[in-house]
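Dear colleague,

I am handing over the structure we spoke of, and I would be glad if you could look through it alongside the notes in this message.

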Amino acid sequence: MQLDAPRHYYLHTAKSLELLAKNAGLELFDVAYDSSYFQFEGSELYAKDISLKDSNALDSSHLTRSRYKEYRKLARQLNAQGRGDQAIFYFRKAPAR
């Protein structure tokens with residue numbers, strides 16, 4: 001869902017953020033991928049032309065218990081592989097050279 005077009009003009013990678021940080025005198029020292037089942041649920045809603053702004057969109061009645069478990073498992077797997085749809089990037093001031 002968060003990677004679905006056309007929400008972004010550019011999708012950064014860990015490498016591109018590392019390069020930007022270096023130019024700003026920072027260093028990228030850790031990345032934690034923290035996607036959840038919602039990356040799949042949100043995409044399903046969009047595919048069904050249901051807006052997330054719809055008050056009934058997130059009532060989860062359209063998501064079966066088994067599908068929810070499947071999505072949670074898949075999100076954990078993708079996070080472990082560094083392939084989730086969102087991440088936390090940790091920066092700090094680069095050491096003086």
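This is a predicted model: local features need pLDDT of at least 70, side-chain atom pairs count only at pLDDT 80 or more; totals for chains, interfaces and linings use all residues.

Among contacts in the chain with a separation of 6 or more, 73% are between residues 24 or more positions apart.

Turning to the second largest pocket, the space in it comes to about 230 Å³. Its lining includes Lys15, Glu18, Leu19, Ala21 and Lys22, together with Gly25, Leu26, Glu27 and Leu28, and also Ala94, Pro95 and Arg97. Two elements, helix H1 (14–23) and strand E1 (26–33), each give two or more residues to this lining, and H1 gives the most, with 5 residues. Sorted by class, the lining of the second largest pocket is made up of 6 nonpolar, 5 charged and 1 polar residues.

Helix H2, which spans residues 38–47, has as its buried residues Gln39, Phe40, Glu41, Gly42, Glu44 and Leu45. Helix H3 (65–80) is included in what covers these buried residues of H2. After H2 comes aspartate 49, and the phi of this residue is positive, near 60°.

The residue I would ask you to inspect with some care is serine 35, which sits in the loop between E1 and H2. Is serine 35 buried or exposed? With a relative accessible area of 8%, serine 35 counts as buried, because the cut-off for that class is under 20%. Setting aside neighbours within four places in sequence, serine 35 is in contact with Ala75, Asn79, Gly84, Asp85 and Gln86. As for aspartate 85, its backbone nitrogen lies 2.6 Å from a polar atom of the serine 35 side chain. Finally, serine 35 and isoleucine 88 are 53 residues apart along the chain, and their C-alpha atoms are separated by 9.9 Å.

With best regards

Methods. Residues are numbered from 1 along each chain as its sequence is written. Side-chain values use heavy atoms; hydrogens and water are left out. Contact means heavy atoms within 4.5 Å. On a 1 Å grid over the protein atoms alone, a cavity is a set of points where a 1.4 Å probe fits but cannot get out, and a pocket is an open set with protein on both sides within 12 Å along at least five of seven lines; lining residues have an atom within 4 Å of a point. Grid points are joined across faces, edges and corners, and a volume is the space filled by probe spheres set on the points. Helices (H or I, at least four residues) and strands (E, at least two) are DSSP runs, numbered from the N terminus. Ala, Val, Leu, Ile, Met, Phe, Trp, Tyr, Cys and Pro count as nonpolar, Asp, Glu, Lys and Arg as charged, and the others, Gly among them, as polar. Buried means under 20% relative accessible area, exposed over 50%, partly exposed in between (1.4 Å probe, protein chains only). A polar contact is a pair of N or O atoms within 3.5 Å; within protein, one must be able to donate a hydrogen and the other to accept it, and residues adjacent in sequence count only if both atoms are side-chain atoms.
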